[in-house]
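Please look over the model below. My notes follow as numbered points.

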2 protein chains.
Amino acid sequence: MPDTALDRILADFLAGDRRAASRLISVVEAGGPEAEAVLHRLYPRLGDAPRLGITGPPGVGKSTLVDALVRHHRRQERRVGVVAVDPTSPFTGGAVLGDRVRMGDLTLDPGVFIRSMATRGSLGGLARTTKEVVDVLEAFGQQVLMIETVGVGQTEMDVAQVADTVVVALSPESGDAIQAMKAGLMEAADILVVNKADRPGADQMVRNLRADLAMRPQSDWTVPVLTTVASRDEKLDALAAAVDAHREQQQATGALAGRRQARAAAEITAILRDRLWQHGHAHVGERIGDWAARVSAGTETPYTAARSLLATILEETR
Amino acid sequence: MPDTALDRILADFLAGDRRAASRLISVVEAGGPEAEAVLHRLYPRLGDAPRLGITGPPGVGKSTLVDALVRHHRRQERRVGVVAVDPTSPFTGGAVLGDRVRMGDLTLDPGVFIRSMATRGSLGGLARTTKEVVDVLEAFGQQVLMIETVGVGQTEMDVAQVADTVVVALSPESGDAIQAMKAGLMEAADILVVNKADRPGADQMVRNLRADLAMRPQSDWTVPVLTTVASRDEKLDALAAAVDAHREQQQATGALAGRRQARAAAEITAILRDRLWQHGHAHVGERIGDWAARVSAGTETPYTAARSLLATILEETR
């Protein structure tokens, strides 16, 4: 894309054009120098809009919960951005779009911007890309940002890396809490929500979760255990209030600043690692094949190969 | 660990001591300079023992299938190594060990070496570590290597990265094939197996899979669709024969050499990236925090920070 084309999209974006926002998000998702140019232009526009992560096992009603929270903020005329990350869908927007059908009326609301990210194949860089897409949404003027992600076994994106406040959603179905625990989600929770709380077992689950939390070491923040029935918009205000309370507490203790600084450090590190590798690859990329052949033939090991290639890079940098 | 301690373990390992093998695997899993030293010593002992990957959705009977294949090879007095990777278990050996209880008699067989790897938290490096653990098992003298891994949504380890032949196992349960397709497993399959073939729907599933395969572009290798009842040791010989046939075909066409060379290139690249970052981190690691503070404060962007830090690294390398 020529610079002038990018300039035009950026101008449209700053004027509030949604299609321009979609295109810039695609540019950022694709990575590379254009992504860098876009983000560089947008960073000065970032403020401290709250970033809320919502995660939990499949089937607990995360999307419904997100929809209900979006409606809650819309009633207060806040512009909302949602990034829905579905690490299990191999099709662009696949399962997520399915969920999003329910959100029909919200997608027509000009104060709401929803972006689905299907992530197959983009291992490792997911947290960074997600953060950058959220950055674009904030630069677009969205005042509340939500990141929805399925918390399965080994979630490759730690939602805590991109959110100021992490809500872990469960439902009274047997096994949800265990699944969340196995996935390490409970550790990341700033707020626990038992959704579908009109189903049997909800009260017992709340008691179990509280007992579980009581056994943890004390910290500045006491993780609340709330109940919601998101499909009927029940008790969403209490959840929103808990999110606000967490944010205020984080601001008061300086934890929010610390979390954001750690996030910046992680992003700098990720970019720097990439850049350093680009530098290295430019010097020795074409020679890796030869070394691989020697390793395959058993005359070298991957370690002697890497050491020699590293020496070449450092030598040629001199 | 002092060098002499490592030397002693290596000597025990080469003498066939299983506890020494377990310890070396742990050293390799931990990574770092000791892992490098161990692997460097073991690489000359690597030959071209077949590496078989077995993957599929949870519940299709992968472990039973692996057990049956191990028994098949043991009847022919081949030494077998198994690495069972469970990316969903947060507990060391958790779910995997549960499965392995069934393998009781095999774990007592001195010709079989089974290692479970629970992988929570070791994102990204999993394929490399798995490959290196398999290397240790081959260096220990295991003549057939198997890598068992759950193929869920976004499997962080692409089993094709570590195996010469990939068997994708399914069962006639509804949804298995779809799950495998969503996870992109079908693409990786060199051989498809419908296990639990005594259950209803197996024949229909085989027909569907064959029809699906027929629509793919032709290649040198025609993916066979087999049936097994691993729990009763049924039709395992046909599966083992298909694995051998795939290997022979791969050798004849040179595809095996290509696959192994690509694997070596990926390993060299991974090590080189790490080393390059170690070099960079040694120069600027302590300054990242300051830059992160400036990014948080909005006076810099992660990209200006990374660019400046890269310049420092290259400058100081000179």
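1. The axes of H2(A) and H3(A) come within 7 Å of each other and cross at roughly 125°. Axes here are lines fitted to C-alpha atoms, for helices over the stretch in contact, with angles from 0 to 180 degrees between N-to-C directions. H2(A) is therefore oblique to H3(A). Under 35 degrees counts as roughly parallel, over 145 as roughly antiparallel, 65 to 115 as roughly perpendicular, and the rest as oblique. H2(A) passes H3(A) in a left-handed crossing (the near helix is turned anticlockwise from the far one by less than a right angle).

2. This is a predicted model: local features need pLDDT of at least 70, side-chain atom pairs count only at pLDDT 80 or more, and totals for chains, interfaces and linings use all residues. Residues are numbered from 1 along each chain as its sequence is written, while chains are lettered from A and ligands numbered from 1 in the order in which they are written.

3. Which residues make the contact between the two helices? H2(A) brings A:Leu24, A:Val27, A:Val28 and A:Ala30. H3(A) brings A:Gly32, A:Glu34, A:Ala35, A:Val38 and A:Leu39. Contact means C-beta atoms, placed from the backbone, within 7 Å. By class, this gives seven nonpolar, one polar and one charged. Nonpolar covers Ala, Val, Leu, Ile, Met, Phe, Trp, Tyr, Cys and Pro; charged covers Asp, Glu, Lys and Arg; the others, Gly among them, are polar.

4. Chain A is assigned domain 1 (1-45), domain 2 (46-253) and domain 3 (265-317). These bounds come from an automatic or database domain assignment. In chain A, 11 residues of domain 1 are in contact with 10 residues of domain 2. On the domain 1 side, helix H2 (18-30) and helix H3 (32-42) each supply at least two residues. H2(A) gives the largest share, six residues. That side has eight nonpolar, no polar and three charged residues.

5. Chain A as a whole has 14 helices and seven strands. Helices (H or I, at least four residues) and strands (E, at least two) are DSSP runs, numbered from the N terminus. Of the 318 residues in chain A, 48% are buried. Of its contacts with a separation of 6 or more, 73% join residues 24 or more positions apart.

6. In chain B, B:Leu14 sits in helix H1 (residues 3-14). Buried or exposed? B:Leu14 is partly exposed, because 15 other C-beta atoms lie within 10 Å. Buried takes 20 or more, exposed 12 or fewer, and partly exposed falls in between, with C-beta atoms placed from the backbone.
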